[in-house]
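Have a look at the model, then work through them in order.

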Amino acid sequence: MAINLSRRQDGTAPHGSPVGIVIVSLLICASTLLLAVSLCILLIDTVNRSTIPFDTDEANHAVDGWEVYWAASNGSPQNLNEALTAQGFYPPLHSTAVALSYWLAGPSLASSRLPSVVIFALSLVLLAWLTYRISSRVVVDGTLRPWLPLIGAAFGVLFALTGRIYVALAVLVMLEMTGAMVSLLLLLSVDAADLAGQPRKRW
């Protein structure tokens, strides 16, 4: 469904050079992409260099990941099932990501925290795609503007990059980053259902 934007209060339509707007949009997108990639590289370097020990919450999540890793390494379906289901109210998705990191790089401080950085980067991609999809249906004075989805995606990512808590969680063994990624996937599924004309799920 398209979203209509109203005219200015004086009744005139927004104006500007289409080519100039597209060029500015591309520059904003390129700058946002460069900033996002640079931040992700910085976060990876921070995780690799950090010697700060786990706090209590990080330790709990790291242990959950290690238990999944240990059970999978020993090839015991029963132990793996217990490791996945015995995590209390924590869902096992993040623990599985940590266990995979342990399998690839061995258990360590860095490999415990690296999945959060990877999920952070994936969440930025999902956020850009979600805002691009929504902005591509915005109608300005009866016309779809090709530059608007680019601006929408760029500003969505920029808001995430300037969130202090959001960025800080990207270098911790915490499931909040995984929760953000799952939330974005759910929003994308709802948006896809809207476009297909299907009724929304109750959840």
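Buried means under 20% relative accessible area, exposed over 50%, and partly exposed in between (1.4 Å probe, protein chains only). This is a predicted model, where local features need pLDDT of at least 70, side-chain atom pairs count only at pLDDT 80 or more, and totals for chains, interfaces and linings use all residues. Residues are numbered from 1 along each chain as its sequence is written, and side-chain values use heavy atoms, with hydrogens and water left out.

**Exercise 1.** Work out how Trp66 and Trp70 are arranged.

Step 1. Rings of Phe, Tyr and Trp (its six-membered ring) pair if their centres lie within 6.5 Å; planes under 30 degrees apart count as stacked, over 60 as edge-to-face and the rest as tilted.

Step 2. The whole structure holds four aromatic pairs. One of them is Trp66 with Trp70, stacked at 6.4 Å centre to centre with 25 degrees between the planes.

Step 3. Both sit in helix α2 (residues 56-73), four residues apart, so about one helical turn separates them. Helices here are DSSP runs (H or I, at least four residues), numbered from the N terminus.

Step 4. Trp66 is partly exposed at 39% relative accessibility, and Trp70 is partly exposed at 40%.

Note on methods: Helices (H or I, at least four residues) and strands (E, at least two) are DSSP runs, numbered from the N terminus.
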